[in-house]
Amino acid sequence: MSDRPGADMGQAAPHEELVPCDLGDKAAVEALVEGCDGIVHMGGQSVEANWETVRNANIDGVFHLYEGARKASV
């Protein structure tokens with residue numbers, strides 16, 4: 001499971017790993033998806049925010065996630 005750095009993800013359940021990751025950080029996203037069997041993406045900026053915040057999460061972040069998944073054959 002992953003969320004942006006600094007977010008409270010609680011405690012990992014058995015067989016879970018909690019990994020903070022900014023979707024706008026291409027290298028971090030690629031490292032995050034390496035070795036995954038699948039991805040369920042529910043991240044993004046869901047409420048009104050400045051353009052930089054929205055672009056980082058909803059545009060750049062989704063591109064990084066899809067591209068990382070493609071490269072890792074997920």
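Predicted model: local features only at pLDDT ≥ 70, side-chain atom pairs only at ≥ 80, totals over all residues.
Biologist: How many helices and strands does the protein chain have, and in what order do they run?
Modeller: Two helices and two strands. From the N terminus the order is β-β-α-α. Helices are DSSP runs of H or I with at least four residues, strands are runs of E with at least two, and numbering goes from the N terminus.

Biologist: Why does the radius of gyration of the protein chain agree with a compact globule?
Modeller: The chain has 74 residues, so a compact globule would have a radius near 11 Å; the chain has 12 Å, which agrees. The rule is 2.2 Å times the number of residues to the power 0.38, with the radius taken over C-alpha atoms. Along the principal axes, the C-alpha atoms fill a box of roughly 35 × 30 × 20 Å.

Biologist: Why is H64 called buried?
Modeller: Its relative accessible area is 12%. Buried means under 20%, exposed over 50%, and partly exposed in between, using a 1.4 Å probe and protein chains only. H64 is therefore buried. Of the 74 residues of the chain, 18% count as buried.

Biologist: Where is H64, and what is it in contact with?
Modeller: H64 is in helix α2, residues 51-71. Beyond its neighbours within four places in sequence, H64 is in contact with L23, G24, D25, K26 and V29. Contact means heavy atoms within 4.5 Å. A polar atom of the H64 side chain lies 3.5 Å from the backbone oxygen of G24.

Biologist: What makes D25 partly exposed?
Modeller: D25 has 35% relative accessibility, so it counts as partly exposed. D25 sits in the loop between β2 and α1 (26-33). Its C-alpha atom is 9.7 Å from that of L65, 40 residues apart along the chain.

Biologist: Why is T53 placed in its accessibility class?
Modeller: T53 has 31% relative accessibility, so it counts as partly exposed. T53 lies in helix α2. T53 and F63 are 10 residues apart in sequence and 15 Å apart in space, C-alpha to C-alpha.

Biologist: Is Q11 buried or exposed, and where does it lie?
Modeller: Q11 is at 75% relative accessibility, so it counts as exposed. Its loop runs between β1 (2-3) and β2 (19-20). The C-alpha atoms of Q11 and S73 are separated by 29 Å, and the two residues are 62 apart along the chain.

Biologist: Why do H15 and S73 count as exposed?
Modeller: H15 has a relative accessible area of 88%, so it is exposed. S73 is at 68%, so S73 counts as exposed too. H15 is in the loop between β1 and β2, and S73 is in the segment after α2.

Biologist: What is the phi of H15, and what is the phi of S73?
Modeller: H15 has a positive phi of about 70 degrees although it is not a glycine. S73, not a glycine either, has a positive phi of about 55 degrees.

Terms used. Residues numbered from 1 in each chain as written. Heavy atoms only, no water. Polar contact = N/O pair within 3.5 Å; in protein donor to acceptor, adjacent residues only side chain to side chain.
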